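Hi everyone, thanks for coming.

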Amino acid sequence: MKRIFATFLLLLTLTACAAKPASYTADFFAMDTFMSVTVCGESEDTAREAAFACEQTVNALEPALSRTREDGDLYRLNHADGTVCTVSDETYAAIEAAVQYAELTGGAFDPTMATLTDLWSINTENAHVPAQAEIEAALAKVGYENIVLLGDNQVQLKNGAQIDLGGIGKGFATDAAADVLAAQDEGAATGALVQLGGNIGAFGANPAREGGGWTIGVGDPDDTADYVATVEVQDKSVVTSGDYERYFEQDGKRYHHIFDPATGYPADTGLRSVTVVDESSTRADALTTALFVMGLEDGMAFCAQNGIAAIFVTSEKQVYTTDAVASACIYTFLGADKGYNDAQ
């Protein structure tokens, strides 16, 4: 799960279009999380239609992206015992994107972590630290190289690999919602805030703010009812991965849900969260996970090489931003009174 400061965003959603009454908010539940789409437009009717079109698009994607729905392509692929499966256009496109970002990050993001995450069972009542032998057995099935894309929507999984698109699913859906908004008649959707379980897409102009930007809060890992910074964006997505989102404690140690594909354990890199600002929500979704796994030094270097706008929050309460942040958004550090240091 990717999460931004929820209370701040809810307040923003309720007030974002206050300067222009022609707006509509659709709240709904999909992909196991609360979602909200607020659209501003030339009339309440057009805004409502655009918001509902986004909702319908997200709901239609759920079977294509879920690995637990037995009526979905991903479930069928994961239970095909290595035989070639033909999947939908949407499922194939999502898998193709996942492989692309796995290759880009050298496997720091890996969509074949399903057997490992099932083993740890984080966010369930069965969460526990597995035996090392169990971890090694699960790792034997992990590796994006086990995904074979054959074209014509045909996919094969080798060596017992199973795909979990949770790392990019909500980003993929956010990008799909952006396409829906862009396809509306002129004036029908002049601005929109798409909040899909914490993956935030801010599109068009915010009529409540001079300049049209949308202000998104970056959560404080120690207090999710507060934030350490804000970013003002337009036609961008803002996505965060943090160790405080899903975790359990055993023998006095906390284990979070962001796994290192190299070790099979939760990534222990000295980071609390990573936020990425990007035009592609799918890319931002994948990169937040990958950068968390890489750690501060390697993550900052990767961002410099690839022009990624990212914000790193460390366990020592240091907040680092990459060079690309300055051109991607208006960044404001607000963490000093909470004990954070703007480490620029």
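Here is what we can say about this structure, one topic at a time.

First, some ground rules: this is a predicted model, where local features need pLDDT of at least 70, side-chain atom pairs count only at pLDDT 80 or more, and totals for chains, interfaces and linings use all residues. Residues are numbered from 1 along each chain as its sequence is written, and side-chain values use heavy atoms, leaving out hydrogens and water.

Let's begin with salt bridges. Side chains of opposite charge can pair when their charged atoms come close. In our terms, a salt bridge is a side-chain nitrogen of Lys or Arg within 4 Å of a carboxyl oxygen of Asp or Glu. How many salt bridges does the structure hold? There are 14.

One of them joins the side chains of D164 and R67, at 3.2 Å from N to O. D164 sits in the loop between β5 (154-157) and α7 (169-182), and R67 in the loop between α2 (44-65) and α3 (73-78), so this pair ties together parts that are 97 residues apart in sequence. Those helix and strand labels are DSSP runs, numbered from the N terminus: helices are H or I with at least four residues, strands are E with at least two.

Is R67 buried or exposed? We call a residue buried under 20% relative accessible area, exposed over 50%, and partly exposed in between, using a 1.4 Å probe and protein chains only. R67 counts as buried because its relative accessibility is 17%, while D164, at 24%, counts as partly exposed.

Next comes D222, which forms a salt bridge with K317, the closest N and O atoms being 3.5 Å apart. D222 is in the loop between β8 (214-220) and β9 (223-233), and K317 in the loop between β14 (309-314) and β15 (318-321), so the pair ties together parts 95 residues apart in sequence. D222 is partly exposed at 47%, and K317 is partly exposed at 26%.

Then there is R283 with D278, whose closest N and O atoms are 2.6 Å apart. Here R283 is partly exposed, at 27%, and D278 is buried, at 9%. Salt bridges that share partners also join D222, D243, R254, R272 and K317 into one network.

Now, a charged residue without a partner. D260 is buried yet has no salt bridge. Which side chain of opposite charge is nearest to D260? That is K253, 12 Å away; Lys and Arg count as positive and Asp and Glu as negative, with His and the chain ends not counted. D260 lies in the loop between β12 (253-256) and β13 (271-278), and its side chain reaches the backbone nitrogen of A262 at 2.8 Å. Leaving aside residues up to four places away in sequence, D260 touches M113, Y265, P266, A267 and V293, where contact means heavy atoms within 4.5 Å.

On to the cysteines. The structure holds zero disulfides, a disulfide being a pair of cysteine sulfur atoms within 2.5 Å. For C303, the nearest cysteine sulfur is that of C329, 13 Å away. C303 is buried, at 2% relative accessibility, and C85 is buried at 7%.

Last stop, helix α6 (residues 132-139). Its buried residues are I135, A138 and L139. Seen down the axis of α6, they fall within an arc of 100°, so they line one face of the helix; the arc is that of the directions from the helix axis to the C-beta atoms. What covers these buried residues includes α5 (114-120).

Key
A polar contact is a pair of N or O atoms within 3.5 Å; within protein, one must be able to donate a hydrogen and the other to accept it, and residues adjacent in sequence count only if both atoms are side-chain atoms.
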